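This briefing is for a reader new to the structure. Please look over the sequence and the model shown here before going on to the notes.

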Amino acid sequence: MTLRFHVHPTPVGEVLIVVDDERVVWLHPARDLETDLTAVSRRHPGMLTPDDRDPLALRAAAQLSEYVSGERQAFDLPLDWEQVRGFTRAALQAVCEIPYGETAGYGEVAILAGHPRAARAVGTACATTPFSIVVPVHRVVRADGSLGEYGGRPELKRRLLDLERADSV
């Protein structure tokens, strides 16, 4: 299978978008492109090809631009949920229920996902999601209200939350 990728610049940093013929299979703020593409390849064996004209990647990029400019609060993209299984999928789908501009604790998400004692597993689900921002894992915080790490980039989590809060006032 051939996957296509596009790196989209945003005010919060570049975002790597990877698509197949029908769905977004990966969407994350980029760190190091080579390392990020290696991570994608581990989950999706096959060829990765750069493509700055793929219609689905451009649709995702346009929605990201609308999101960071405050024009969009929810995404309408076909995501490859087939690669996300079990509790991880339930947790990430519960994360999608957190309203724009608000946060929820890991324990609250565990309850929404139907497993009240699985707060740590929610953290793992958030840390391993193939799609961040569009699945708003940045809205999940610790029980004491502190942010947590967001993949070692708490400053990015803060920027995303601040962006949403400024737009929802």
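Is Arg-4 buried or exposed? Arg-4 counts as buried, at 13% relative accessibility, where buried means under 20% relative accessible area, exposed over 50% and partly exposed in between, with a 1.4 Å probe and protein chains only. The model is predicted, so local features need pLDDT of at least 70 and side-chain atom pairs count only at pLDDT 80 or more, while totals for chains, interfaces and linings use all residues. Residues are numbered from 1 along each chain as its sequence is written, and side-chain values use heavy atoms, with hydrogens and water left out.

**Salt bridges**

- The whole structure holds 8 salt bridges, a salt bridge being a side-chain nitrogen of Lys or Arg within 4 Å of a carboxyl oxygen of Asp or Glu.
- One of them joins Arg-4 and Asp-21, whose closest N and O atoms are 3.3 Å apart.
- This pair links distant parts of the chain, 17 residues apart: Arg-4 is in strand S1 (residues 2–8), and Asp-21 is in the loop between strand S2 (15–19) and S3. Helices (H or I, at least four residues) and strands (E, at least two) are DSSP runs, numbered from the N terminus.
- Whereas Arg-4 is buried, Asp-21 is exposed, with a relative accessible area of 67%.
- Glu-66 and Arg-72 form another salt bridge, with 2.8 Å between the closest N and O atoms. Glu-66 is partly exposed, at a relative accessible area of 27%.
- In the salt bridge of Arg-158 with Asp-162, the closest N and O atoms are 3.2 Å apart. Because they are 4 residues apart in helix H6, about one helical turn separates them.

**Aromatic pairs**

- There are 3 aromatic pairs. Rings of Phe, Tyr and Trp (its six-membered ring) pair if their centres lie within 6.5 Å; planes under 30 degrees apart count as stacked, over 60 as edge-to-face and the rest as tilted.
- Tyr-67 and Phe-75 make a tilted pair, at 5.4 Å centre to centre with 45° between the planes. Both Tyr-67 and Phe-75 are buried.
- The pair of Trp-81 and Phe-131 is edge-to-face because the planes stand at 65°, with the ring centres 5.4 Å apart.
- Trp-81 lies in the loop between helix H2 (55–68) and helix H3 (86–95), and Phe-131 in the loop between H5 and strand S6 (140–141), so this pair links distant parts of the chain, 50 residues apart.
- Trp-81 is buried at 15% relative accessibility, and Phe-131 is buried at 0%.
- Tyr-67, Phe-75 and Tyr-100 are linked into a cluster by ring pairs.

**Leu-160 and its contacts**

- Leu-160 is in helix H6 and counts as buried, at 0% relative accessibility.
- Leaving aside residues up to four places away in sequence, Leu-160 touches Val-12, Tyr-67, Ile-133, His-138 and Tyr-150, where contact means heavy atoms within 4.5 Å.
- One of these, Ile-133, sits in the loop between H5 and S6 and is buried at 3% relative accessibility. Its phi is near 70°, a positive value in a residue other than glycine.
- Tyr-150 is in the loop between S6 and H6 and is buried, with a relative accessible area of 14%. The phi of Tyr-150 is also positive, near 55°.

**Pockets**

- The largest pocket has about 500 Å³ of space. On a 1 Å grid over the protein atoms alone, a cavity is a set of points where a 1.4 Å probe fits but cannot get out, and a pocket is an open set with protein on both sides within 12 Å along at least five of seven lines; lining residues have an atom within 4 Å of a point. Grid points are joined across faces, edges and corners, and a volume is the space filled by probe spheres set on the points.
- The largest pocket is lined by 24 residues, and His-28, Arg-31, Ala-127, Tyr-150 and Gly-151 are the closest to its centre.
- The lining of the largest pocket comprises 10 nonpolar, 8 polar and 6 charged residues. Ala, Val, Leu, Ile, Met, Phe, Trp, Tyr, Cys and Pro count as nonpolar, Asp, Glu, Lys and Arg as charged, and the others, Gly among them, as polar.
- The second largest pocket has a volume of about 190 Å³. Of its 17 lining residues, Ala-74, Phe-75, Cys-96, Val-134 and Pro-136 are the closest to the centre.
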